Each structure stands twice: as C-alpha cells, then as structure tokens.
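Biologist: Please take one close look at the aromatic side chains in this model, with the cut-offs behind each term. I would like a single connected account.

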Amino acid sequence: MTLETQPKHDREIAELGPWFHNLHLPDGRQTAPDHPLGDFPAFKWRQLAPALPADLGGWSALDIGCNAGFYAFELARRGAHVLAVDADEHYLRQARWARKLLDLDDRIELRRLQIYDLVRLERRFDLVLFMGVLYHLRYPLLALDIVAERVGRLLVLQTLTAPGEAAVEPPADLALDERSRLRESGWPALAFIERSLAGDPTNWWIPNHACVEAMLRSAGLQVVGRPGHELYVCRLRKGRQPGAELRAVRSAFDERTKP
C-alpha cells in the first residue's frame, strides 16, 4: 500500500503505523492527518453515507478488507453489528486499538480472513462493503461471485477504474468477425497490471466503468445507485444462481474439511 503515511505527530499512533485510514479519534487526534489523498476515507464516506439507511439497527454488516476499520466504525455508529475482515494483521491491530478507543467492542468483530475464505461462511449479511479490494485480486470475478453469496440486502463496491464513464450495450452474441468491437470506447475492458501500479505490486487489474457494471451483472448483481465516482450500490438480481466455478470451489473446500 504505497499511499500509507508514517505519522510523526504522536508516538502511540506512530508505533502502530504506517496508516492508510485517517481515523478521527475521540480525543481529537488523527491517525494520518498528512494523508496524500487528503482526509481519506472520510471524503469517500461523505459520498456514500446518504445512499445507506441512517438507522442500521438490526442490520448485520460485512466489511471486506476493513483496513484500520473506518467504514466498520461508521456502520456500527448507525447501529449495525459488523464483521470486519482483513488479510493483514497489521491493519487488524490498528482496528482493534481504534475500536477500543471508540467504545465499539460490542458492535464489531474483527477477523483475519482472505476474501476467498468467505466461501466458508454459512450466512448472509444485510449490508456488504467491498471497498478498495477488487483491483488487488488475482481472481476478481471469482471473488465477486463469493462476495455476492454473502449479500442479503445491499452490496457497496468501490474500485479503482480506468478513466471514462462510457458503456456500450453488449450484444447477445459477438461474431468472430466482429472482434474489432472489443476496441470500442465503452466496451467492458479489464487491464492487467503485470508488474506494478503506483509502486504497489498487488494492483493486478484495472477495469473500466463498463467492465465493473458487466462484472456485477455477471455475478448476479444489479446496480441501483452511483453515489460517487467509482462507487456502486447493488442488490441481488432475482433468480441469481451461483456459477459452476463457485460450486466447484465450495465442493473442494467441503472435501478438504471432511474429518
């Protein structure tokens, strides 16, 4: 994560650094006040917040790739019970520390999980946040299929995208001699980053806007809101069925975990 900052203004915060989330703590301190993106991710939350229910009492929520917990904390403040997961213990350590300071221990569970581990969960969540993760994955569509299985009411996806908002209506079938259409502006396209982007070798895929929406449709999701740039609020489409690949992954896991 190359946009992290190592704070120097506070010894306790510095010992937990570097930080990607700038958390505003009850005593007025901030964890990354000099973040290169500004007050991040607070400005993203200001875009998203009006698109979500103000009262999440009785809702369950899943925050995938929770980092230091900013979004999980905001959902918990609205009344949700949150499972926040991340693959990196460094970020979970930050989140546990901040959760205690914010007095949210009873509303947020933190667990170390890879996104593909979610296939093991046998539950859905009213609200799933999938923010800033998709482009870091080597297998993004499989991950999106797994995430869709966890959605009860709403999914919020945020992902880095290639420039442009154009989108074409794809045909029901593309003939071989029409492959030149793949170069059209607005055709769903996914750019592969073989080496590194912005100094981060975990940036694997950059979709354009049309590709994000196409991938969501392919995973059985319908976009119902665009509250901000690179933000997609989705619901499950009626009749959605898991694909053969996801069934195979689940079957392989079941076989591996048999006594």
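Modeller: W205 has a relative accessibility of 21% and therefore counts as partly exposed, a class that lies between buried (under 20% relative accessible area) and exposed (over 50%), computed with a 1.4 Å probe on protein chains only. F192, at 45%, is likewise partly exposed. The model is predicted, so local features need pLDDT of at least 70 and side-chain atom pairs count only at pLDDT 80 or more, whereas totals for chains, interfaces and linings use all residues. Residues are numbered from 1 along each chain as its sequence is written, and side-chain values use heavy atoms, with hydrogens and water left out.

Rings of Phe, Tyr and Trp (its six-membered ring) pair if their centres lie within 6.5 Å, and the planes count as stacked under 30 degrees, edge-to-face over 60 and tilted for the rest; by this rule there are eight aromatic pairs. Among them, Y116 and Y139 pair edge-to-face, at 6.2 Å centre to centre and 65 degrees between the planes. Because Y116 lies in the loop between β3 (108-112) and β4 (125-131) and Y139 in the loop between β4 and α5, this pair ties together parts 23 residues apart in sequence; here helices (H or I, at least four residues) and strands (E, at least two) are DSSP runs numbered from the N terminus. Y116 is partly exposed at 25%, and Y139 is partly exposed at 48%.

F192 and W205 form a tilted pair, 4.9 Å centre to centre with 50 degrees between the planes. Since F192 belongs to strand β6 (residues 190-192) and W205 to strand β7 (residues 205-207), the pair joins parts 13 residues apart in sequence. Elsewhere, ring pairs link F20, F40 and F43 into a cluster.
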